[in-house]
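Please keep the sequence and the structure in view while reading.

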Amino acid sequence: MGVSGCGKSSVAALVARQLGLPLIEGDEFHPPSNRERMAQGIALTDGDRAGWLDTLAAELVARPQGAVLTCSALKASYRDRLRAAAPGLQFAWLDLDPAAAEARVAQRSTHFFPSTLVATQFAALEPPLDEPRVLRLDALLAAEELAGRVVQWTRNIPASA
Ligand SMILES: Nc1ncnc2c1ncn2[C@@H]1O[C@H](COP(=O)(O)OP(=O)(O)OP(=O)(O)O)[C@@H](O)[C@H]1O
Ligand SMILES: O=C(O)[C@H](O)[C@@H](O)[C@H](O)[C@H](O)CO
């Protein structure tokens, strides 16, 4: 989880491969209307994200053996929606500063998400502090290092944590 550009896709691909789990790319499940809004520079609202989160929840339910999901999951209520579908869900939070996020997104010329929206991601972000099963990571570290930390954490976390 984390804002646009924090490295969700890059790190999750490595984690999924190392854990031998399916990868669910959250962005692929946005309805066209959401993608159009973002491409036009309009930030998504809670209402825009509600159906998308329901879809992602269903994707998790469909994989009881586990999966690696990339999802911005910016607000506590969004994370609670996903946890309700997948009890025990773990969140790796790629914590990145606004300037670095904007620089990364601006460099991606082919992506639908414009860098002008990065500030709105930080406005929406409710950091997952004091929530269960959360690993905070410095997203400036190398993707391989981040993936290694996630894999180690997810293998060691007790089921009851
Ligand atoms: N740890 C990293 N160090 C340096 N650059 C990175 C790192 N992780 C990702 N990047 C680069 O930053 C950009 C965004 O990465 P990525 O697409 O993985 O982020 P994301 O969180 O999935 O973004 P979005 O939600 O907008 O799709 C890419 O150009 C990627 O190569
Ligand atoms: O909740 C959101 O606002 C969205 O999921 C965004 O995070 C983008 O889809 C993603 O970052 C693509 O760049």
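The buried residues of helix α1 are Lys8, Val11, Ala12, Val15 and Ala16. They lie on the same side of α1, because the arc that they cover around the axis is only 130°. The model is a predicted one, and the points below should be read with that in mind.

**Helix α1**
- With its twelve residues, α1 reaches 16 Å from its first C-alpha to its last, which is close to the 16 Å expected at 1.5 Å a residue.
- The elements that cover the buried residues of α1 include the strands β1, β2 and β3 (91-95), together with the helix α7.
- Just after α1 comes Gly20, a residue that takes a positive phi of about 65°.

**The shell around ligand 1**
- Ligand 1 is surrounded by 16 residues, and the closest of them are Ser4, Gly7, Lys8, Ser9 and Ser10.
- Two or more residues of this shell come from each of the elements α1 (8-19), α5 (98-107) and α7 (143-156), and α1 gives the most, with three residues.

**Helix α3**
- Helix α3, which runs over residues 46-61, has 16 residues and reaches 22 Å from its first C-alpha to its last, close to the 22 Å expected at 1.5 Å a residue.
- The buried residues of α3 are Arg49, Leu53, Leu56 and Glu59, and what covers them includes β1 (23-25), β2 (68-70) and α4 (76-85).

Definitions and conventions. Residues numbered from 1 in each chain as written. Chains lettered and ligands numbered in written order. Predicted model: local features only at pLDDT ≥ 70, side-chain atom pairs only at ≥ 80, totals over all residues. Near = placed C-beta within 6 Å. Helix = DSSP H or I, 4+ residues; strand = E, 2+ residues; numbered from the N terminus. Expected span 1.5 Å × (residues − 1). Buried ≥ 20, exposed ≤ 12 C-beta atoms within 10 Å, placed from the backbone. Contact = placed C-beta atoms within 7 Å. Arc of directions from axis to C-beta.
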